[in-house]
Amino acid sequence: MSDKDNKGSMTVAEAGRKGGETVRNERGREFYETIGRKGGATVKAERGRSFYEEIGRKGGETVKAERGAKFYEEIGKKGGDRVKATRGPNFYEEIGRKGGQKVKKLIEEGKRAARAAMESQAAGGNAPAAEGTSAPVKPPEEPAQPGGNE
């Protein structure tokens, strides 16, 4: 075919862009949000959450290689400034306090579980462990090494 024959044709990318714009104009942006959510749920059901973790990690490594670690510093600062502007400076104090309270609660639960496990061990291992925990497991003994000191 000569250039003369292709005069009115468009590339696949141009056709896709034109079709996408037509759908957006007819159905609106919400249509794409809805089908995107449905597609994401389907992929998650088929491949699992780890698939998204893997592609996110790979994408992050690619961006870091192309733009450098400084890029993440810049976008993190922009995001933090945006949150501060929209929610106010007290927002960070509030979420910090909530996070600290959660950590304190988790530490207390861990200490209670450890005490229960110690009491269970001291009682001969017959007492049940605290809810959500298990008694410490004794590691298996190492087998004798061939040709070693016997």
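User: Before we go on, what kind of model is it?

Analyst: This is a predicted model, where local features need pLDDT of at least 70 and side-chain atom pairs count only at pLDDT 80 or more, while totals for chains, interfaces and linings use all residues. Residues are numbered from 1 along each chain as its sequence is written, and side-chain values use heavy atoms, with hydrogens and water left out.

User: Ok, back to α5. Which residues are buried there?

Analyst: In α5, the buried ones are F91, A113, A116, A117 and S120. Buried means under 20% relative accessible area, exposed means over 50%, and partly exposed is in between (1.4 Å probe, protein chains only).

User: How many residues does α5 have, and how far does it reach?

Analyst: Helix α5 covers residues 90-122, which is 33 residues, and spans 48 Å from its first C-alpha to its last. That is close to the 48 Å expected at 1.5 Å a residue; the expected span is 1.5 Å times one less than the number of residues. Just after α5, G124 has a positive phi of about 95 degrees.

User: New topic: at what angle do α2 and α3 pack?

Analyst: Helix α2 (residues 29-47) and helix α3 (residues 49-67) pack at about 105 degrees, and their axes are 6 Å apart. Axes are lines fitted to C-alpha atoms, for helices over the stretch in contact, and angles run from 0 to 180 degrees between N-to-C directions. So α2 and α3 are roughly perpendicular (under 35 degrees is roughly parallel, over 145 roughly antiparallel, 65 to 115 roughly perpendicular, and the rest oblique).

User: Which residues make that contact?

Analyst: From α2 it's G40, V43, K44 and R47, and from α3 it's R49, S50, F51 and Y52. Sorted by class, the contact has three nonpolar, two polar and three charged residues. Ala, Val, Leu, Ile, Met, Phe, Trp, Tyr, Cys and Pro count as nonpolar, Asp, Glu, Lys and Arg as charged, and the others, Gly among them, as polar.

User: Tell me about G40. How far is it from Y52?

Analyst: The C-alpha atoms of G40 and Y52 are 9.6 Å apart, with the two residues twelve apart along the chain. G40 sits in helix α2 and is partly exposed, at 22% relative accessible area.

User: And how many salt bridges are there?

Analyst: The structure has seven. A salt bridge is a side-chain nitrogen of Lys or Arg within 4 Å of a carboxyl oxygen of Asp or Glu. One of them joins R29 and E33, with their closest N and O atoms 3.5 Å apart.

User: Where do R29 and E33 sit relative to each other?

Analyst: They are four residues apart in helix α2, which means about one helical turn separates R29 and E33. R29 is exposed at 62%, while E33 is partly exposed at 35%.

Note on methods. Helices (H or I, at least four residues) and strands (E, at least two) are DSSP runs, numbered from the N terminus. Contact means heavy atoms within 4.5 Å.
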